[in-house]
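Reader: Could you take me through this model feature by feature, giving the general idea before the particular case?

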Amino acid sequence: MKENMMFAWIASWLALAGQLVFFMGVALFTGDWRYMMWSFMISIIVGIPSIIGTYKRNQQLKVDKK
């Protein structure tokens with residue numbers, strides 16, 4: 001079965017940036033900037049390892065393909 005790396009990249013970037021943008025909207029709407037602070041920490045904790053894992057898997061697939 002072929003792995004869908006495009007979906008993995010989209011999910012990784014949504015975990016990092018999409019969540020942050022969403023909570024920035026919530027913070028602007030409510031005026032409570034704690035939403036932004038907490039979402040920044042969570043998106044970094046979840047997003048960075050996700051992007052690193054996707055990058056490593058993508059590199060591994062390129063090596064296996066050769």
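Author: Let me begin with the two helices: α1 and α2 are roughly antiparallel to each other, a label given to angles over 145 degrees, whereas angles under 35 degrees count as roughly parallel, 65 to 115 as roughly perpendicular and the rest as oblique. The contact of α1 with α2 is made up of 21 nonpolar, 9 polar and 1 charged residues, where Ala, Val, Leu, Ile, Met, Phe, Trp, Tyr, Cys and Pro count as nonpolar, Asp, Glu, Lys and Arg as charged, and the others, Gly among them, as polar.

Reader: What is the angle at which helix α1 and helix α2 pack, and how far apart are their axes?

Author: Axes are lines fitted to C-alpha atoms, for helices over the stretch in contact, and angles run from 0 to 180 degrees between N-to-C directions. Here helix α1 (residues 5-30) and helix α2 (residues 34-65) pack at about 170 degrees, and their axes are 8 Å apart. As for what the model is, it is predicted, so that local features need pLDDT of at least 70 and side-chain atom pairs count only at pLDDT 80 or more, while totals for chains, interfaces and linings use all residues. Residues are numbered from 1 along each chain as its sequence is written, and side-chain values use heavy atoms, with hydrogens and water left out.

Reader: How many helices and strands does the protein have?

Author: Helices (H or I, at least four residues) and strands (E, at least two) are DSSP runs, numbered from the N terminus. By that rule the protein has 2 helices and 0 strands.

Reader: Which radius of gyration does the protein have, and what would a compact globule of 66 residues have?

Author: The radius of gyration is taken over C-alpha atoms, and the globule rule is 2.2 Å times the number of residues to the power 0.38. For a compact globule of 66 residues the value would be near 11 Å, but the protein has 15 Å, and its C-alpha trace spans about 55 × 15 × 15 Å along the principal axes.

Reader: Is Thr 54 buried or exposed?

Author: Buried means under 20% relative accessible area, exposed over 50%, and partly exposed in between (1.4 Å probe, protein chains only). Thr 54, which is found in helix α2, counts as buried because its relative accessibility is 8%. Asn 58, also placed in helix α2, is buried at 18%, and Ala 15 in helix α1 is buried at 15%. By contrast, Ile 45 is exposed at 59%, and Leu 14 is exposed at 54%. Over the protein, buried residues make up 18% of the 66 residues.

Reader: Which residues does Thr 54 touch, not counting residues up to four places away in sequence?

Author: Contact means heavy atoms within 4.5 Å. With residues up to four places away in sequence left out, Thr 54 touches Met 5, Ala 8, Trp 9 and Ser 12, while Asn 58 touches Met 5 and Trp 9.
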